[in-house]
Number of protein chains: 2
Amino acid sequence: MRIPKLYVENAEKHEGRKVVIENNGKVIKFLDKDEEYSGNGKVLYQVIYDDFDKYVLMGEVTKDMLIEYEVGGVKQLTYIKKGTRLLEIPAEGYKVYPIVDFGCRILEGHRLAALQSRKGDIRFVNTPVNGIVVFLKEVPAKRENYVFYILPEKEIKFEEEL
Amino acid sequence: MRIPKLYVENAEKHEGRKVVIENNGKVIKFLDKDEEYSGNGKVLYQVIYDDFDKYVLMGEVTKDMLIEYEVGGVKQLTYIKKGTRLLEIPAEGYKVYPIVDFGCRILEGHRLAALQSRKGDIRFVNTPVNGIVVFLKEVPAKRENYVFYILPEKEIKFEEEL
């Protein structure tokens with residue numbers, strides 16, 4: 001499996017590559033290594049993909065992000081705007097076997113992971129919503145521990161907004 | 001579920017919207033309804049999403065295509081280059097229940113659809129490869145009949161090329 005590339009607005013540390021977003025996503029432009037940019041679009045810098053969750057606070061994306069994923073003759077881009085709310089679903093057990101990964105679109109009730117208990121019993125973690133898996137975090141812990149970051153098709157509303 | 005938008009190069013019939021691809025996908029630019037374009041990029045025109053399979057011949061994509069899918073604060077773009085090979089997996093039965101749909105990333109062994117026989121037996125159609133579902137076609141027929149168009153992570157080679 002290939003690892004996607006992650007670009008973030010105003011990243012503190014960043015590697016060489018840059019991408020510019022103009023007009024709220026109407027134009028997406030990858031810059032060459034030394035290419036300068038002088039327009040008034042947003043410049044996103046490449047960061048380490050595994051740092052994705054550093055840009056999510058209390059379920060809310062704190063910076064504009066772009067995920068680039070290339071497979072054969074295909075380029076897939078996912079542009080996530082600041083303020084987008086994600087659902088974080090944990091999967092913890094003696095053994096955890098993730099079934100889906102980045103980029104998987106999932107429909108309500110789909111299995112995200114299989115959990116095995118110490119006794120060998122198997123149960124499943126399902127998704128309660130339709131959405132797209134945007135990141136899978138492995139959390140270092142005594143028991144195996146993953147968190148699925150899901151972008152729901154229906155926007156999440158907090159209680160005080162209802 | 002929202003329906004994605006499909007853009008195709010040199011489409012014969014097309015609706016109003018256009019998108020320009022420059023430099024082999026380094027720049028993706030959506031044009032306004034009446035916006036003219038004079039650069040040397042490829043212009044893709046919006047067509048009906050359900051016509052996706054008209055641009056696939058013997059498993060090979062015949063024109064550059066772009067799929068646009070928007071959910072909440074997220075825009076997902078999938079740029080498929082002409083010549084890309086897709087795997088077509090049929091699912092036919094007395095009753096067919098598709099489990100995945102456009103945009104689902106699938107891993108080897110994942111279930112694509114459940115098939116129910118006239119007697120009520122259930123079996124599953126699984127994917128033999130890791131990949132992304134780019135289109136799901138419902139084929140009008142006596143029995144229920146779907147075809148999954150899958151972009152495999154590993155490029156498909158024809159026998160004479162090996």
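These legends go with close-up views of a predicted model.

**View 1. Where chain B meets chain A.**
Start with the whole interface: 36 residues of chain B are in contact with 36 residues of chain A. Putting the two chains together buries about 3400 Å², and carbon and sulfur atoms give 53% of that area. Three residues stand out on the chain B side, namely B:Lys26, B:Arg105 and B:Glu153, which supply 20% of what chain B buries against chain A.

**View 2**
Between chain B and chain A the count is 2 salt bridges. One of them joins the side chains of A:Asp32 and B:Lys26, at 2.1 Å from N to O.

**View 2. The face that chain B turns to chain A.**
Which strands of chain B each supply at least two residues of the side that touches chain A? They are β3 (27-31), β7 (65-71), β8 (74-80) and β15 (144-152). The largest share comes from β8(B), with 7 residues. Sorted by class, this side of chain B has 19 nonpolar, 10 charged and 7 polar residues.

**View 3. Strand β3 paired across the two chains.**
Here β3 of chain A (residues 27-31) runs antiparallel to β3(B), and 3 bridges join the two strands. Look for A:Ile28, whose bridge partner in β3(B) is B:Ile28.

**View 4. An aromatic pair in chain A.**
Over all chains, the whole structure has 14 aromatic pairs. The one shown here is A:Tyr7 with A:Phe30, an edge-to-face pair with 5.8 Å centre to centre and 75° between the planes. This pair links distant parts of the chain: A:Tyr7 sits in strand β1 (residues 5-9) of chain A and A:Phe30 in strand β3 of chain A, 23 residues apart.

**View 5**
Strands β12 (residues 111-116) and β13 (residues 122-126) of chain B run antiparallel and are joined by 5 bridges. B:Gln116 stands opposite B:Ile122 in β13(B).

Notes. Residues are numbered from 1 along each chain as its sequence is written. Chains are lettered from A and ligands numbered from 1 in the order in which they are written. This is a predicted model: local features need pLDDT of at least 70, side-chain atom pairs count only at pLDDT 80 or more; totals for chains, interfaces and linings use all residues. Side-chain values use heavy atoms; hydrogens and water are left out. Contact means heavy atoms within 4.5 Å. Buried area is the accessible area (1.4 Å probe) that two parts lose on being put together, summed over both. A salt bridge is a side-chain nitrogen of Lys or Arg within 4 Å of a carboxyl oxygen of Asp or Glu. Helices (H or I, at least four residues) and strands (E, at least two) are DSSP runs, numbered from the N terminus. Ala, Val, Leu, Ile, Met, Phe, Trp, Tyr, Cys and Pro count as nonpolar, Asp, Glu, Lys and Arg as charged, and the others, Gly among them, as polar. Two strands pair if DSSP finds at least two bridges between them. Rings of Phe, Tyr and Trp (its six-membered ring) pair if their centres lie within 6.5 Å; planes under 30 degrees apart count as stacked, over 60 as edge-to-face and the rest as tilted.
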